[in-house]
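Please look over the structure before reading the points below.

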Amino acid sequence: MKKIRQEKGSITLFVLISMLFFVMFLIGMYLLNANSEITQTAATKRIKEIYEQDVNNIDNVYETINKQKKQIANPPKLTQGMIPIKWDGTKWVDTNTEDEQWYDYSQKKWANVRLKDGSMFVWIPRYAYKITSNWHEKTTGNIEIEFLKDDTNRTISENIIQISSKSAQNQWLISPSFYWDKNNNGKEDEQEGLTGIWVAKYEASKQSVTIENLGNIEVLKIQAGVSSWREITTNDMFMNCYNMNIEQNRQIYGLSSDKEVVEPHLMKNTEWGIVTYLAMSQYGINTNISPNNNTQYITGVGNSTTGNVTGVYDMSGGSNEFVAAYLNNNYAQNIIEQESVIKAELKYKDIYEIGEQDTSKINYEKNKTKYSDALYEVSTNLQPEIALWGNGYLEYPTQNKIMIYRGGTNLTQASIFTAISGEAGSNIKNSFRPVISVLK
């Protein structure tokens, strides 16, 4: 009996232990399933987070790519008084800097703005250029352009370009017009680089305005479809451009009167050159520009530098355009009509040196180290005749004809490359255009 009881006790203990293990197993499975569900929930949540993050990253990548396609060049640098405008297919309309239709240099669509009075300007972004064929020849060659980031020598994609200090075929160069010589020492110092310049879209015309305490006066305006401002001395050309942001003219153009912020000025020869080179690159019309041959000197006739409405007009034909550049001989110091240009600080002009003899050909060779002015680099010393790219006519400054005029007229020698010499007095065939450098 005692043995039977012992066997029953052993069986009962075994059953109890077995049941205990079974319960522990069930509890373990429950906890395992519970942890699994928690883990699965966390994993699902994490996967969703990663997916959303990747989608956002992809969107950001596409947005970056789209921006890079558009931002192959420095964005336009605006200042007080400048309003972005775009062509809507029939007319110019105001827009804003967020409008993707404002400009796209990859599509030869250059940025335009208007001032308070309606004067129109076109953005020329900072770039480096390289003449890859027909350097210092009269047959039109090829120019390559690399847009540069901010005021640096790096491309938009952060590649560093080796910039030469001497012009030659296949050498990268940056125009001195892409810096503003604040201290007038003739070289680029820190904080003087420009991200680009604003160039008048058309030759200057004139408008009559009434200024408080001055009455009715004539000032320049940049507009299409009117006769350009001619029969004006180089002095007055220079001063009309310089005065665009003096205090009394703020109500006309809307520009700040602080010369440390914005510097309107008469276009320099090197500035003419950088518009010309951009026009003849993959980002411009890249062929001879059909001239403005209107006999009444009406602005905006013919083709632009892009071949479309967004470019700069009247650079081939129209009027001979005086640029702030001259031959520095004895004659230069004695003419009242050019006094404002001669006495101006270096940042407002280009100076060409006289050779051992004051002749066109010798003066041409004397200045052969100059570059980005669309002269020596794109011509041969055959003058006075067709000696420049684009069938441009060349007549280098000499003697009393010390001033430089570009573009030719509506009747003769029309080409964006044409460069002729002339005197400083007013002439029915001569006009001009301003440039605006935004410094801050």
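Strand 12, residues 350-352, contributes three residues to the lining of the largest pocket, the most of any element. The model is predicted.

**Largest pocket**
- The space in the largest pocket comes to about 450 Å³.
- Its lining consists of 16 residues, and those closest to the pocket centre are Pro-176, Tyr-179, Gly-186, Asp-350 and Lys-370.
- Sorted by class, the pocket lining holds seven charged, six nonpolar and three polar residues.

**Largest cavity**
- One cavity of 30 Å³ or more turns up in a search of the whole structure.
- The volume of the largest cavity is about 30 Å³.
- The residues lining the largest cavity are Leu-375, Leu-394, Glu-395, Tyr-396, Pro-397, Ile-404, Ala-419 and Ile-420.
- Seven residues of the cavity lining are nonpolar and one is charged, with no polar residues.
- Glu counts as charged, and the cavity lining includes Glu-395.

**Nonpolar core**
- The largest nonpolar core is made up of 106 residues.
- Phe-121, Ile-124, Tyr-127, Phe-147, Leu-220, Phe-432 and Ile-436 have the most contacts inside this core.
- Leaving out residues up to four places away in sequence, Ile-436 touches Met-82, Leu-115, Phe-121, Ile-197, Trp-198, Leu-255, Val-262, Glu-263 and Pro-264.

Terms used
Residues are numbered from 1 along each chain as its sequence is written. This is a predicted model: local features need pLDDT of at least 70, side-chain atom pairs count only at pLDDT 80 or more; totals for chains, interfaces and linings use all residues. Side-chain values use heavy atoms; hydrogens and water are left out. On a 1 Å grid over the protein atoms alone, a cavity is a set of points where a 1.4 Å probe fits but cannot get out, and a pocket is an open set with protein on both sides within 12 Å along at least five of seven lines; lining residues have an atom within 4 Å of a point. Grid points are joined across faces, edges and corners, and a volume is the space filled by probe spheres set on the points. Helices (H or I, at least four residues) and strands (E, at least two) are DSSP runs, numbered from the N terminus. A nonpolar core is a set of buried Ala, Val, Leu, Ile, Met, Phe, Trp, Tyr and Cys residues joined through side-chain atoms within 4.5 Å. Buried means under 20% relative accessible area, exposed over 50%, partly exposed in between (1.4 Å probe, protein chains only). Contact means heavy atoms within 4.5 Å.
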